[in-house]
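Student: I would like a close look at one part of this model. Please keep it brisk.

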Amino acid sequence: MLIRLAKRSDVKSSEITPKALYLNRRSLIAGAGAIAGATVFGCDSKAELNKGPGKTTKLENVKEGYRKVGEKDALTAYEAVTGYNNFYEFGTDKGDPAQEAHRLKTRPWTVKVDGLCNKPGTVDIDDILKSNPLEERILRHRCVEGWSMVMPWVGFSLGDFLNSFEPQGSAKFVQFETLVRPEEMIAQKSRFEILPWPYVEGLRMDEAMNPLATLVVGLYGEVLPNQNGAPLRLEVPWKYGFKSIKSIVRVSFVEKEPRNTWKAMQSSEYGFYANVNPNVDHPRWSQATERRIGDVARRKTLMFNGYEEEVASLYAGMDLKKYY
Ligand code: MTE
C-alpha cells in the first residue's frame, strides 16, 4: 500500500516480504518460538481445522461452510494471520496491529445501517451474532502487495445480513465505515495524516449479494482477534485485501459508487473494483505471482483469486483493465 509516514522498520510496498524477514520483525520476536513450532494444517482434516489456538473465546454452534480449496492451499499458521497484517488505524508496520490493537474495546459495539433501505437501524453486535447462523469458511486472501494467506474465517453471508434491512431498488452500492476512536486506535492520533479517517470501502450491490462475500466475526474457531478487525469485518476473497474493511461501525445503502479510502488516496494505483487479476499489473509491480505466507517459492496468482466460477459472471462484458 502507499505509506506516507515512513518508519525505518517499514517494508516498502514494492517489496515482497520473505518468510525469514517477517519472522524477524520486532512484533514477532517474542512469539518466534511459537511460530517455528506452529503447525500449518492441511485442509482435509476436520478435527485439525477446528482445533482453536486458545487465544480468544471459542465460538459455539459454528457449521461447516464454504471450503473449496486446492491441494496446495494449507491453512496459514495462526501466528502469521494474526501477527502480520495491515490495519493502519494502529500503525503502518505489519507488526503494529498485533502490538497495538489490544486497546480497542469491542463491547459495547453497534453497527448503524442507513441509506436507501426500508428498515434502517442501529444493531448491537451481540444481536447480529444471535440472528446470523455462523459458518466456518476457508478462504484465500490475496493482498495487493503480493502476499497471500488461507484463513478459516467464522462468519456469515453479507447478502443475508443486508437483506434483513430491505434495500431499495435505488441502492446500487453498499458503503462500509470503520470506527474512529483515536484514544484506542492510536495511529488516528498521529499528527501526520496516514489515511483520511474513517477508512471507507464499498461494493456494488450484486457483488455484496454474492454468497462468497462474508461478514467475519471469528478466526480459527474463536472470536476474531482485534488486529484482524474485531468485532466485525468484511472478507471479499476474490478482491485484493484492502477491500476487506475491518471493525465496521456503519453500513450504508447508496446510489453512487462510494469513494473508497485507497482509491481516494491514489486512484492511479488502487481502483474501486480491486479484483485479483494476474493479467492487470499494479503500476509499480506485477500481479502475476504471489508468495503464500509460509512458503518459499512464489506461485501463480489465479484469476479472481481462484473464485472465477463463482464471480466471473458479475463482470461479464466489463473491461477489467479500465475498471481495476
Ligand atoms: N481495514 C481498516 N479499517 N484499515 C486498514 O488499514 N487494511 C486492509 C484491510 N482492511 C485495512 C483494513 C488491507 S490493505 C488488508 S491487506 C487487510 O485488511 C489485511 O488484514 P488481514 O490480514 O487481517 O485480513
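Which residue in strand 3 does Val111 stand opposite?

Tutor: Val111 stands opposite Val123. Keep in mind that this is a predicted model. Val123 belongs to strand 3, which covers residues 121-124. The partner of strand 3 here is strand 2, residues 110-115. The two run in the antiparallel sense, and 4 bridges join them.

Now the sheet around that pair. It is open and has 5 strands. Their order is 3-2-11-6-7, and the pairing is mixed. Strand 3 is an edge strand, and so is strand 7 (200-204). Each of these two pairs on one side only. From one strand to the next, the twist averages 20°.

Next, the chain as a whole. It holds 11 helices and 13 strands. Its length is 324 residues, and 54% of them count as buried. Take the contacts with a separation of 6 or more: 73% of them link residues 24 or more positions apart. The accessible surface is about 14100 Å². Carbon and sulfur atoms account for 52% of that surface.

Last, the ligand. Tyr88 places a backbone N or O atom 2.7 Å from a ligand oxygen atom. Glu89 uses its side chain: an N or O atom there is 2.8 Å from a nitrogen atom of the ligand. Ser244 has a polar backbone atom 2.8 Å from a ligand nitrogen atom. Taken alone, the ligand exposes 530 Å², and the protein buries 100% of that.

Definitions and conventions: Residues are numbered from 1 along each chain as its sequence is written. This is a predicted model: local features need pLDDT of at least 70, side-chain atom pairs count only at pLDDT 80 or more; totals for chains, interfaces and linings use all residues. Side-chain values use heavy atoms; hydrogens and water are left out. Two strands pair if DSSP finds at least two bridges between them. Axes are lines fitted to C-alpha atoms, for helices over the stretch in contact, and angles run from 0 to 180 degrees between N-to-C directions. Buried means under 20% relative accessible area, exposed over 50%, partly exposed in between (1.4 Å probe, protein chains only). Contact means heavy atoms within 4.5 Å. Accessible areas come from the Shrake-Rupley method with a 1.4 Å probe; for residues, only the protein chains shown count as cover. A polar contact is a pair of N or O atoms within 3.5 Å; within protein, one must be able to donate a hydrogen and the other to accept it, and residues adjacent in sequence count only if both atoms are side-chain atoms.
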